[in-house]
Amino acid sequence: MEKDPGVVLATERYGSAESWKYLTKDGVMERRRDGSEGESRGNSVVGVFKSVFLPQGYPESVSNDYLQYQFWDTVQAFSSSLSGTLATQASLKGVGVGNQEATVAAATVTWLLRDGTGMLGRILFAWQKGSKLDSEAKKWRLFADVLNDIAMFMEILAPYFPAFFTLIVCTAGIFKSIVGVAGGATRAALTVHQARRDNMADISAKDGSQETLVNLAGLLVSLILIPLVTDNPVLTLSLFFLFTILHLFANYKAVRSVVMETFNEARLSIVLQQYLRDKRVLNPLEANQREPVFLEFGKAVPIKLGVRLQEVVQSPDELSLASKGNNRPYLVGIRNGCVCVCLGPEASVHDEIRAMCQAVWLSSTLSPKTPKESTCTSPQQQNHWELVHESQKLMDTIFNPFLKGVEAAGWDTKRTLLDWDEWRVEWKTKTS
């Protein structure tokens, strides 16, 4: 006969983890864990692991793509750790470790030159590309890891070219400094995306714990590898290429798993083009799956956002044409093969999205659809201002229903990741 457990007064749960019951019997209150003893012991082990390596409140406190991204990020970190060991061994050999003819001074100078050029590269890259790392976080994240593999490959090859050793390791140092800036900045951007309770610091700290554990595992494996690859260049290169393939594959899967709910140029363009085709609004998962994750060099008709007024209009007549039928706090124009958007200081986020939609439509219309079209004279000989006015009428017709559709589909329209520059312009139109 089962013993009467008593009356349940209350239940409590720590996040989505184990639950507890408060029971009363004969005037005494007792706290008891739900489930069997074996189940509870298993939950206790899992709970400790979660508290050490996962953010508090997981999975409710993070985005839905968190676990998949972190899994692939762990795989790439492990393979990168092993590749880094091979590259470090080669660098030490190149500066003279184990060579009695090498001097400490020469090795020190080489190391200082490598670090110095890396510091300069870090500053220059952050200056030139820092503002792009938020809007194109996936692309730059993948680019950073590809560049890191190239840098490590150069370090492995450097000892076999002693005459150019310093030049090669300095170049690799510059590449690694770029990797440090791009990788760190894009990881911060992804942390902002993953944080659902403004818990960026906790997510970043736990990501550091996960990376430390992976590096520790990589260190243990490296202790086994080093005796095998020493003075064996064929095995060194073979293992490096194996780890590099795994590293690049895991990185590709990691950035592909990220589902961002805010618009950048690529995601907004994908959603808008689909809407113009069949009035269907893609949800964030569908658009992110179509988003390109490799950097594109040289678009047919690039878009410049937040430019100076002279990049849109260059005369009072052109200003009148640009503002004709346009009561919005932005101006759109076509200049030197670019679609340029000039923004007013009072523009809202929705105005920015609308301006970007108009610019995307113009860029798509002006872009040659086939190689043969690029030799034709059609887009260049058209009156560009007529195209701008046509795009304004199109936005007047479709933008409000489009905006309602994207909000209903789960997109965040309170902020964007569009790459606006800082110029803001107030303009006057002719009153007579």
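**Helix α7.** I started with α7 in this predicted model: it covers residues 200-229, 30 residues in total, and goes 40 Å from first C-alpha to last. That is close to the 44 Å expected at 1.5 Å a residue, where the expected span is 1.5 Å times one less than the number of residues. Helices here are DSSP runs of H or I with at least four residues, strands are E runs of at least two, and both are numbered from the N terminus.

I then looked for a bend and found a kink of about 30° at Leu223, shortly before Pro227; the bend is the angle between axes fitted to the seven residues ending at a position and the seven starting there. Buried residues of α7 include Ile203, Lys206, Asp207 and Val229 (buried is under 20% relative accessible area with a 1.4 Å probe, protein chains only). After α7 comes Asp231, with a positive phi near 60°.

Local features need pLDDT of at least 70 and side-chain atom pairs 80 or more, while totals for chains, interfaces and linings use all residues, and side-chain values use heavy atoms, leaving out hydrogens and water.

**The open sheet.** Next I traced three strands in the order β1-β2-β3, with antiparallel pairing (a pair needs at least two DSSP bridges). β1 (7-13) and β3 (28-33) are the edges; each has a single partner strand, so one side of each has no neighbour in the sheet. On average, neighbouring strands are turned by 25° against each other, direction ignored.

β1 and β2 are joined by six, with Val7 opposite Thr24 in β2. β2 (residues 19-25) and β3 also pair over six bridges, and Lys21 has Arg32 in β3 as its bridge partner. How many of the seven residues of β1 are buried? The count is zero, and β1 is hardly covered.

**Cores.** Last, I looked at nonpolar cores, meaning buried Ala, Val, Leu, Ile, Met, Phe, Trp, Tyr and Cys residues joined through side-chain atoms within 4.5 Å. The largest has 50 residues, and those touching the most other members are Val271, Val339, Val341, Cys357, Leu362, Phe402 and Val406. Elements that each supply at least two residues of this core include α9 (265-278), β6 (338-343), α12 (349-366) and α14 (384-408).

A second, separate core has eleven residues, among them Met152, Ile156, Val229 and Phe243.

Technical notes: Residues numbered from 1 in each chain as written. Axes fitted to C-alpha atoms, helices over the stretch in contact; angles between N-to-C directions.
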